[in-house]
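Trainee: Can we go through the aromatic rings in this one? I'd like to see who pairs with whom.
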Amino acid sequence: ETPAKADAQASSFCPNGELKFGIEPFEDPSKLEPAYNVLAAALGKELNCKVEVQVVEDYAAEVLSMRNGKLDIGQFGPMGYVFASTKANAEPLVSFGTADGKLSSYTAGIWVPKDSPIKSIDDLRGKDLALGSVGSTSGDVLPRFGLKKAGIAEDELNMNYAGGHPEALIALTKGTVDAAQINSQTLASAQEAGNFDPANFRQVWESEAIPNDPITVSADANPAFKSAVKDALLNLAPADIEAVGKFLDVSPAGGMVEVSKETYSPLFDLASTMGLTEDDI
Amino acid sequence: MTTLNLPTPLALPAPPADEPILRVSNLTKSFGGRTVLDGVDFTLHRGSVVAFLGANGSGKSTTLKCVMGLETPEAGSIQLDGTELSNLRGGELTRARASVAMVFQKIHLVPRRTALENVCAGALGRISGPASVSPMFFPRELKEEAMAALARVGLADRAHEKAGRLSGGQAQRVAVARALCQRASVLLADEPVSALDPRAAEEVMALLAELAHEENLAVAAVLHQPDLAMRHADHVIGLINGRIEYSGEISGLDASMLSRLYTPNRVAA
Amino acid sequence: MTTLNLPTPLALPAPPADEPILRVSNLTKSFGGRTVLDGVDFTLHRGSVVAFLGANGSGKSTTLKCVMGLETPEAGSIQLDGTELSNLRGGELTRARASVAMVFQKIHLVPRRTALENVCAGALGRISGPASVSPMFFPRELKEEAMAALARVGLADRAHEKAGRLSGGQAQRVAVARALCQRASVLLADEPVSALDPRAAEEVMALLAELAHEENLAVAAVLHQPDLAMRHADHVIGLINGRIEYSGEISGLDASMLSRLYTPNRVAA
Amino acid sequence: MSTPVATLSVPKVPNAGWRMTSILTAIAVFIVFHVFALRGTDFQLSALVSGAEGMASFLADAFPPDLDWDKVVAPALKATTVTLWIGLLGTTLSIPSALLLAVFASRTTTPHPWVYQLSRAILSFFRAVPDIVFALIFVTAVGLGPFAGVLALICHNTGVMGKLWAESMEETDSGPQQALSTAGASRFQQVTHAALPMVLGQFVGLLLYRFDVNVRSSLVLGLVGAGGIGLLINQSIKSFRFDAMLTQILVVLVLIILVDQLSSFIRRKLEV
Amino acid sequence: MSTPVATLSVPKVPNAGWRMTSILTAIAVFIVFHVFALRGTDFQLSALVSGAEGMASFLADAFPPDLDWDKVVAPALKATTVTLWIGLLGTTLSIPSALLLAVFASRTTTPHPWVYQLSRAILSFFRAVPDIVFALIFVTAVGLGPFAGVLALICHNTGVMGKLWAESMEETDSGPQQALSTAGASRFQQVTHAALPMVLGQFVGLLLYRFDVNVRSSLVLGLVGAGGIGLLINQSIKSFRFDAMLTQILVVLVLIILVDQLSSFIRRKLEV
Ligand SMILES: Nc1ncnc2c1ncn2[C@@H]1O[C@H](COP(=O)(O)OP(=O)(O)OP(=O)(O)O)[C@@H](O)[C@H]1O
Ligand SMILES: Nc1ncnc2c1ncn2[C@@H]1O[C@H](COP(=O)(O)OP(=O)(O)OP(=O)(O)O)[C@@H](O)[C@H]1O
Ligand SMILES: [Mg+2]
Ligand SMILES: [Mg+2]
């Protein structure tokens with residue numbers, strides 16, 4: 001790389017001397033920022049521009065700032081991406097791959113204590129179910145979709161938001177609810193931290209696999225910038241992704257893999273079925 | 001500092017003495033069914049001191065508060081220098097009011113401000129703009145005038161004491177000085193010497209008489225000491241249960257009148 | 001309502017008259033470098049009225065506040081009925097204090113409470129338990145005693161008026177009634193008649209003298225009217241700049257002494 | 001005035017130098033802190049101007065409010081009653097503890113300096129623990145739902161109201177209380193017969209302020225499954241239904257205005 | 001006393017019947033509301049007792065606090081300074097608007113009844129809009145980061161502080177202000193020379209209370225990616241590190257106690 005080329009890149013892809021990279025925290029945000037900082041540092045080196053990571057607690061702010069051109073790169077949860085795509089014209093570039101180069105995925109699930117009389121999703125009628133937080137893919141939309149498919153109306157059981165995945169898990173382990181949503185990622189990290197012993201619990205429902213969180217840029221961005229970011233991300237060494245991948249239950253982590261809007265089309269359908277988006281998308 | 005040199009009401013040529021500067025007619029006020037003022041009529045003239053006498057609760061303070069617009073009478077008219085106050089609004093009313101100064105029975109100083117600052121505040125009707133925003137910016141002329149006012153009531157040595165730290169009598173003197181600093185043409189004083197020691201009371205009353213006689217102010221003072229009234233007032237008004245029962249020369253205030261004024265009357269009011 | 005029948009200090013056999021009930025020695029107090037009390041000594045005896053005279057700022061209120069424990073003197077001792085107050089703590093001190101009643105120069109009523117309720121509050125040292133939690137629960141005997149106290153100061157007809165709505169003189173009478181209701185054996189009154197009309201002032205001073213002479217209380221009253229002191233006090237204490245300059249029979253208070261008392265002294269204090 | 005205005009030179013202010021120095025120091029510290037703060041927060045008003053368009057488009061999304069009765073207004077009203085109940089209990093049930101701690105933590109009414117320090121520490125503790133944490137603690141005990149939210153609010157509100165009440169007692173004229181203390185009234189009696197009646201209006205004002213905060217803190221409560229209008233606003237945001245959000249905010253606005261009117265009505269009644 | 005205590009029968013309280021009726025009505029309304037509220041929130045103290053074990057185990061998880069310097073304490077301190085800056089700006093920059101609205105929205109200082117109503121409406125509006133909504137609006141304009149958080153806090157704080165200040169002015173002795181008004185002082189002068197000096201202590205107390213709230217307002221800050229101690233507490237919860245959470249809460253506690261001390265120090269300085 002000649003200095004001249006680096007300067008050219010800096011001027012075209014590094015408008016204010018730094019790129020803003022927004023992260024919607026997913027399952028377990030502890031140590032998330034340092035982990036993402038590793039990834040951002042690697043990305044910054046590739047793009048020759050400082051990348052500033054910003055962890056937000058909610059996708060709405062991230063979508064809105066991307067819509068107004070105030071956010072350059074954004075990672076969203078699958079459902080957040082649906083809104084980012086429809087509201088901020090976000091274009092997915094890559095997501096996390098497994099060691100064998102495939103797109104990683106996770107599942108949502110509903111768990112009950114081992115000796116619970118609840119044997120299947122149908123038995124949830126009249127019971128307490130802990131969800132995660134509002135708008136969460138695996139913590140809110142998917143379990144409600146599962147209930148809907150099973151023909152259970154929302155007022156037939158007592159559903160409450162616990163505030164997040166770990167909170168839902170606590171509600172179950174402390175015995176204050178009959179059932180709780182726990183997705184495969186939370187399950188893995190809680191198991192590792194010793195907060196959850198699957199032997200004492202049973203999964204009564206599991207969703208289909210959902211592709212992992214995409215990293216996006218605005219579709220209106222300079223195509224050269226888009227491809228530069230994409231290349232940079234795809235070129236990241238698995239070691240740089242490792243820290244993040246762990247939280248996404250992708251272990252051992254592979255490199256990034258390319259994704260497109262189509263990859264997430266089931267989620268668009270899900271959003272419109274659940275009435276979250278207008279049908280005109 | 002031009003603000004200080006503005007023509008004050010005192011600079012106007014004095015109207016003929018028989019033209020009252022304040023004319024109050026038929027003032028009527030009641031609180032929750034209790035009639036406190038019952039058709040009060042009186043006039044104040046430049047150059048003369050009027051003493052209001054009356055038993056506790058006879059309506060002296062309420063009369064003065066009505067004149068100052070701090071209580072709204074049910075009926076009656078208040079004419080200042082020929083102008084009916086109820087016809088004035090906003091800035092005009094404020095300016096008219098500024099020509100009447102009041103010493104409150106309850107003193108009403110700002111305890112966190114110094115004596116000097118409290119006295120200066122009496123001049124706020126005259127100064128405006130940035131200089132009036134904070135005591136820090138008060139023009140030096142104003143502070144010097146306030147010092148002179150404090151000296152007139154014998155409190156120059158405590159100018160920088162916070163008002164909340166003064167003794168009862170000291171605070172009352174600051175309240176008098178604040179009214180002086182207003183350069184008003186009418187001065188209403190509600191028991192201005194009640195907390196003063198006898199010599200100070202005598203001096204402050206003499207000061208009020210001097211303001212009336214030498215600087216041509218109209219002064220009205222509520223007093224509970226008929227002897228002070230006799231020595232310093234030109235005219236006396238006696239209130240009984242919200243009605244004026246005596247109004248006239250100080251010499252007419254004989255023992256029987258005084259005894260009537262102060263006879264407790266539990267039936268009325 | 002047994003609480004009301006507890007033995008009160010007044011029920012104790014009176015000590016010999018030459019034994020002072022309150023002995024204050026060498027009281028010294030300064031505020032921020034300014035010496036306000038400079039070795040004040042005096043005694044109060046049951047059955048006698050002491051008048052405190054002195055110019056504004058001479059330290060009269062501060063003296064009384066030190067006795068009541070509202071200001072902390074730098075030096076000096078205060079003995080109540082032979083007991084040094086600084087040796088008492090907690091409940092004992094509260095009980096000792098309850099035998100000394102005070103009328104404040106600044107009145108200090110609770111404006112939201114009625115006159116009657118304010119007077120009843122003077123008896124709080126005597127009643128306890130649920131009956132003392134709220135005016136609603138005050139025992140009837142207490143309210144009737146408070147009514148009698150209000151009647152003694154001529155305000156029985158305004159018993160249910162909120163204190164904040166009373167005129168200056170009316171509020172001061174409530175403050176006196178509150179002190180009466182305390183059934184104390186020592187009564188300290190700081191300018192208790194400053195806002196009263198002359199007849200009321202005369203009556204209240206006569207009442208204080210009656211309490212001293214007939215009910216054997218020790219009364220101390222700060223006064224700015226030497227003539228009231230002459231008519232009602234047995235003993236006079238004159239303060240100049242925080243020092244006692246005169247202490248003796250009322251007859252010794254001649255014109256030259258009075259003139260000394262009230263000569264403004266800007267050098268000291 | 002024909003006669004010149006009398007004047008007298010103003011004596012020197014005692015300690016003027018020292019006072020000036022300490023005022024200037026305070027101002028300097030204040031400025032330095034602000035410089036750090038402005039830097040630390042990337043404060044740039046120009047960014048606000050240049051992004052005004054974005055705000056406009058956000059507001060355009062919200063207008064006109066979605067007034068669909070069945071889908072938006074009715075659920076908002078229903079959720080508001082839930083929040084109302086939670087806020088009511090969270091406020092009134094914390095009165096006893098807040099009052100007690102306030103009396104102990106106010107210099108003018110505390111029975112003892114140690115009690116004073118201890119109560120202030122307790123109040124600080126209740127304020128330091130975020131209400132989500134209280135919520136979590138209670139959720140483990142009573143399960144998800146509004147009850148846990150009420151308990152969390154009670155704890156947090158005790159801390160805030162106790163502090164505000166204590167300070168308002170410290171700032172009020174303590175004369176009447178002193179008068180009762182010299183009459184031999186116990187601390188408790190001084191409080192009930194002087195301190196409290198003096199600050200009643202402020203107490204009511206602060207209480208209703210907390211009520212209104214507690215009603216709005218359903219946002220946090222939404223996190224523990226207490227539901228309420230906060231949850232609906234959250235859902236509207238997450239599904240980018242800003243017009244519905246506006247309607248829900250308007251419902252909250254009406255509620256707040258009503259509480260405000262109630263506050264000033266009661267305080268007027270309490271006036272002397 | 002040997003002589004019987006003098007007594008006199010107490011005259012009837014005027015309007016006693018009407019007053020009693022209105023008090024009883026108010027109490028009845030109060031009770032009815034509470035019954036509804038208790039039902040509406042599943043209020044069951046027994047649940048709290050039976051779940052005490054759960055709380056105990058939660059607390060056991062938190063003790064002892066994790067005092068690992070590098071991993072917990074140092075990041076907590078660093079995050080706290082960020083929040084401190086945000087809280088500082090969010091508070092001080094809202095002073096001008098809050099003060100103006102407070103003066104207009106206080107019955108004793110407002111220049112006109114319409115101005116009064118309007119300012120109160122504006123203050124209510126600022127309080128009705130949840131701070132996360134302000135945060136979203138500003139994020140669209142200035143992007144993610146602390147600046148958006150500061151702007152959101154300024155808006156919300158204006159609403160709260162303006163209301164609290166207005167009420168404290170209404171509750172304070174207006175005598176000095178009346179004295180200046182009769183001296184012909186303008187509204188503005190009455191405010192600067194009487195109303196404000198009278199309530200200065202309360203204003204400082206309320207201001208520092210809001211500072212401490214703003215420092216803790218993790219919800220908004222987390223939302224806009226401003227980070228801060230609130231985010232760390234959240235993260236600790238989400239990763240079940242309750243011992244680290246306790247440490248972070250202790251850091252907040254220290255901060256709150258310091259602010260509290262500052263508040264009482266300044267208020268003591270302002271005392272007469
Ligand atoms: N705000 C109020 N509400 C109800 N009654 C009031 C109010 N203000 C005054 N009063 C009553 O009006 C009557 C007259 O009061 P005012 O203060 O004018 O008396 P005053 O002549 O000044 O007496 P004093 O010599 O004691 O100062 C009194 O009976 C008083 O109780
Ligand atoms: N808290 C305080 N701080 C500073 N100085 C004070 C304080 N209280 C009183 N003083 C000063 O102490 C002196 C004596 O005050 P005190 O109130 O005892 O006077 P007094 O004899 O009662 O006067 P008056 O007749 O005016 O009531 C005065 O000069 C007063 O300014
Ligand atoms: Mg009066
Ligand atoms: Mg005095």
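Trainee: Which rings are linked into a cluster by ring pairs?
Mentor: A:Tyr59, A:Phe83, D:Phe58, D:Phe240 and D:Phe242. This is a predicted model, where local features need pLDDT of at least 70, side-chain atom pairs count only at pLDDT 80 or more, and totals for chains, interfaces and linings use all residues. Residues are numbered from 1 along each chain as its sequence is written, chains are lettered from A and ligands numbered from 1 in the order in which they are written, and side-chain values use heavy atoms, with hydrogens and water left out.

Trainee: What counts as a pair?
Mentor: Rings of Phe, Tyr and Trp (its six-membered ring) pair if their centres lie within 6.5 Å; planes under 30 degrees apart are stacked, over 60 edge-to-face, and the rest tilted.

Trainee: How many aromatic pairs over all chains?
Mentor: The count is 24. One of them is D:Phe58 with D:Phe242, a tilted pair at 4.6 Å centre to centre with 40° between the planes.

Trainee: Is D:Phe242 buried or exposed?
Mentor: D:Phe242 is buried, at 1% relative accessible area. Buried means under 20% (1.4 Å probe, protein chains only). D:Phe58 is buried at 1% as well.

Trainee: Next topic: how are D:Trp165 and D:Phe203 arranged?
Mentor: Their ring centres are 4.4 Å apart and their planes at 5°, so the pair is stacked.

Methods: Buried means under 20% relative accessible area, exposed over 50%, partly exposed in between (1.4 Å probe, protein chains only).
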